[in-house]
Amino acid sequence: RQYRVVRDMGDRVESLKLKLQDFRVSDLREFSKLCAMKVQGKKEELVAGLSEFLFTPDGFNKASNSSNSKLQSLVAGINIEDLTEGVTIAEITRANSKGVEQNSTTNGSSPKAASNLLCICDNISPMSEENLIQCTTCQKFQHRDCMKANVDLPEYECILCQAKMINPFDEVMDVFCHPFGLEPTKQAGSEGKKKKRSFMYQSSTKTKIHSAAGKYQIQIRCLKLDGIGYEHTWPKWGKVSVNSREVMEFKMPDNPNARKRKDDAINITTLCQIGMNEIEFSMHSDPADYAVVILMIRRVPHAELSEQIRESCVMGYEEAKVNMLKSLRPSEEGDIQIVSDFIELKLKCPITMKPMQTPVRGSKCNHQQCFNLETYLETISKTRMKKWMCPYCKSKVFRMCVDPFVKEILAKSASYQDVVHAKIYPS
């Protein structure tokens, strides 16, 4: 029982650390100041200090009673009674360190990789470094064999980071259950193994959710390990239940020519009960690999998301200008080079064909054309299946960036009527 408590608490500390890492250094210093802690140091030091202090009665009380809503939300999922089990953070750290030392010694992997392992499997052994892959966003390691085709993603991101960004209208507030894999069933008609996971639902969290009038949800998200990623995809056949109550059954349409099934996150908020909750998955007749995660999210209003992007996701003017003109330079690859004398930039949004106010493009887009931020968000907010694809190249646009160079061109052309495009020549 002591081992179980240490492991559960270790998961909760790790979850808190992941949330703290998403904040800016200025936020972390503000949190430390409110908790009467040291405010200087590197980001890793601030995260480590806060994650340990907030799991003490003093830290919990200071954070809960502070005027900072972000700091309050960090401890909303902590039950201070957990610490009465007699398990301290120091014991958790020693237990984790001991496991890391044993695993790194046995498997020849570095202590850094061992301590940063967060995989979908139940195997805590990190293996050797050549068998690991590191997420480019959270820097956590996963087993290559567990990630299947996802290791071939152009910019590899782990399942948790993918699940967090899959819908920008949903801000992830907490991770109730870290990603875990579903075992495929190789033979048609065969029953797969059932997969169970438990998570804690605190009374303080329930109060917060109910007082927010639908702004918060607890969601189950499932992604297919197919090398494409970033989309909700449930198994072809199977079911999921919460606290022994069936929530959804997955099945494919009998007619092979029927429209493609539309998969989305499952909202289980009303099914959660205070205390320990159990989720159970079963799947059959599906040889594919999947990973599941349970998150608490906050529904972000259209106007708020638009403002966030306009304020924090803006390219530098010179960077935007260089990026725009780079297509006029000859490519260094290939024997044949076709170079244009100018760029024809469209000034109207491809969605409404009206002039753009806030020109944006996705971070993964390689073209110069932009679309209007407000129009795009309004369109996405009205659709049930939020694919978040670029209107031009169809790449994912979970991260959008405002182009100040194009914005300047739009401002200069505003005085002219019916301007459809602008020609940009190298200066």
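Rings of Phe, Tyr and Trp (its six-membered ring) pair if their centres lie within 6.5 Å; planes under 30 degrees apart count as stacked, over 60 as edge-to-face and the rest as tilted. Before the views, some ground rules: this is a predicted model, where local features need pLDDT of at least 70 and side-chain atom pairs count only at pLDDT 80 or more, while totals for chains, interfaces and linings use all residues. Residues are numbered from 1 along each chain as its sequence is written, and side-chain values use heavy atoms, with hydrogens and water left out.

**View A. A ring cluster made of Phe169, Phe371, Tyr376 and Trp388.** Ring pairs hold these four together as a cluster. Searching the whole structure turns up 11 aromatic pairs.

View B. Phe180 belongs to strand 3 (residues 170-182) and Phe281 to strand 9 (residues 275-283), so the pair ties together parts 101 residues apart in sequence. Strands here are DSSP runs of E, at least two residues, and helices are runs of H or I, at least four, both numbered from the N terminus. Phe180 and Phe281 are both buried (under 20% relative accessible area; exposed is over 50%, partly exposed in between, with a 1.4 Å probe and protein chains only).

**View C. Phe342 and Tyr425 make a tilted pair.** Their ring centres are 5.4 Å apart and the planes stand at 50°. Phe342 comes from the loop between helix 12 (317-325) and strand 11 (343-346), and Tyr425 from the segment after strand 15 (421-424), 83 residues apart. Phe342 is partly exposed at 29% relative accessibility, and Tyr425 is partly exposed at 47%.

**View D. Helix 13 (residues 373-381) and its buried residues.** Leu373, Thr375, Tyr376, Leu377 and Ile380 are the buried ones. They pack against helix 11, strand 12 (359-362), strand 13 (371-372) and strand 14 (400-402). Over in helix 11 (residues 302-312) sits Ser306, buried at a relative accessible area of 4%. Ser306 touches Leu373, Glu374 and Leu377, leaving aside residues up to four places away in sequence; contact means heavy atoms within 4.5 Å.

**View E. An open, antiparallel sheet of 4 strands in the order 4-9-6-7.** Strand 4 (195-201) and strand 7 (245-250) are the edges, each pairing on one side only. Two strands pair if DSSP finds at least two bridges between them. Strand 6 (residues 238-242) and strand 9 run antiparallel over 5 bridges, and Ser241 has Glu280 in strand 9 as its bridge partner.
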